Amino acid sequence: MTTLNDRGVGAPERTIGQLVADATKDMTELVRYEIALAKAEITTDVKNGAFGGALFAVAGLFGFVAFVFLGITVAFALHEGAGWDVWLSFLVVAAAMLVVAGIAAGIGFGRIKKVGPPERTIRTSKESIAAIKAAATGKPVSKTITGSSSARGIGH
């Protein structure tokens with residue numbers, strides 16, 4: 001049996017095997033795109049996490065050095081007794097390093113808080129599943145996707 005296409009020319013009807021092959025190819029392509037989207041989202045989150053971790057490492061280094069300076073300051077203060085100039089300069093340097101460590105730790109904590117799940121990938125995966133289920137049951141695809149909870153946002 002043949003059907004007429006847009007130009008009125010007869011085209012052979014596709015077999016079930018051809019339709020299954022096309023559906024399999026489309027599903028493979030869809031999965032490939034979902035994986036690519038997940039990689040893109042996760043890469044951004046990993047970069048933010050790595051940057052936050054690096055800032056924590058900087059904060060730890062500055063904190064450790066400041067601790068050493070504070071120890072040296074106490075040692076000089078006890079040794080010198082009345083000689084305030086040397087230990088006061090060490091104290092100022094140590095205090096400044098602690099301020100830098102605190103700022104780096106605060107920025108690092110803020111960056112790590114931004115790391116989250118790949119929300120777009122989760123949403124589009126749910127929409128794809130809804131569309132496949134709708135197609136299998138014969139329901140209109142657009143109503144199923146927009147009416148699903150995934151279209152309104154994840155976990156909200």
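**Helices, patch and salt bridges**

Biologist: Which residue takes a positive phi just after H3?

Modeller: That is Gly 138, with a phi of about 85°. Helices here are DSSP runs of H or I with at least four residues, strands are E runs of at least two, and both are numbered from the N terminus.

Biologist: What kind of model is this?

Modeller: This is a predicted model: local features need pLDDT of at least 70, side-chain atom pairs count only at pLDDT 80 or more, and totals for chains, interfaces and linings use all residues. Residues are numbered from 1 along each chain as its sequence is written, and side-chain values use heavy atoms, with hydrogens and water left out.

Biologist: How many helices and strands does the protein have?

Modeller: Five helices and two strands. From the N terminus the order is β-β-α-α-α-α-α.

Biologist: Back to H3. What do its end C-alpha atoms say about the span?

Modeller: Helix H3 covers residues 119-137, which makes 19 residues. At 1.5 Å a residue it should span 27 Å, and its end C-alpha atoms are 27 Å apart, so the two agree. The expected span is 1.5 Å times one less than the number of residues.

Biologist: Which H3 residues are buried?

Modeller: Thr 121, Ser 128, Ala 130, Ala 131 and Ala 134. Buried means under 20% relative accessible area, exposed means over 50%, and partly exposed is in between (1.4 Å probe, protein chains only).

Biologist: Why does Ser 128 count as buried?

Modeller: Ser 128 counts as buried because its relative accessibility is 16%.

Biologist: And what is Ser 128 in contact with?

Modeller: Leu 30 and Glu 34, leaving aside neighbours within four places in sequence. Contact means heavy atoms within 4.5 Å.

Biologist: New topic. How many salt bridges are there?

Modeller: The count comes to two. A salt bridge is a side-chain nitrogen of Lys or Arg within 4 Å of a carboxyl oxygen of Asp or Glu. Side chains of opposite charge can pair when their charged atoms come close.

Biologist: Which residue forms a salt bridge with Glu 41?

Modeller: Arg 120 does, with the closest N and O atoms 3.5 Å apart. Arg 120 lies in helix H3 and Glu 41 in helix H1, so the pair ties together parts that are 79 residues apart in sequence.

Biologist: Is Glu 41 buried or exposed?

Modeller: Glu 41 counts as buried, at 10% relative accessibility. Arg 120 is partly exposed, at 44% relative accessible area.

Biologist: What else does Glu 41 touch?

Modeller: Glu 41 touches Pro 118, Glu 119, Arg 120 and Thr 121, not counting residues up to four places away in sequence. The Glu 41 side chain also reaches the backbone nitrogen of Glu 119 at 3.3 Å.

Biologist: Which side chains meet in the 1.9 Å salt bridge?

Modeller: Those of Arg 14 and Asp 22, at 1.9 Å from N to O. Arg 14 is partly exposed at 44% relative accessibility. Asp 22 is partly exposed too, at 30%.

Biologist: Which residues form the nonpolar patch on the surface?

Modeller: Met 27, Val 31, Ile 35 and Ile 132, with about 320 Å² of accessible area together. Patches take residues with over 30% relative accessible area and no salt bridge; like charges are joined within 9 Å, and nonpolar side chains (Val, Leu, Ile, Met, Phe, Trp, Tyr) within 5 Å. Accessible areas come from the Shrake-Rupley method with a 1.4 Å probe; for residues, only the protein chains shown count as cover.

Biologist: Which helix gives the most to the patch?

Modeller: Helix H1 (residues 16-80), with three residues. An α-helix has 3.6 residues a turn, so residues three or four places apart point the same way.

Biologist: How exposed is Met 27?

Modeller: Met 27 is partly exposed, at 37% relative accessible area. Ile 35 is partly exposed at 43%.

Biologist: How many residues apart in sequence are Met 27 and Ile 132?

Modeller: They are 105 residues apart in sequence and 9.5 Å apart in space, C-alpha to C-alpha.

Biologist: What about Ala 50 and Gly 108?

Modeller: Those two are 58 residues apart in sequence and 9.4 Å apart in space, C-alpha to C-alpha. Ala 50 is in helix H1 and is partly exposed, at 48%.

Biologist: Last one: what share of the protein counts as buried?

Modeller: Of the 156 residues, 15%. The accessible surface comes to about 11,100 Å², and 69% of that belongs to carbon and sulfur atoms.

Technical notes:
A polar contact is a pair of N or O atoms within 3.5 Å; within protein, one must be able to donate a hydrogen and the other to accept it, and residues adjacent in sequence count only if both atoms are side-chain atoms.
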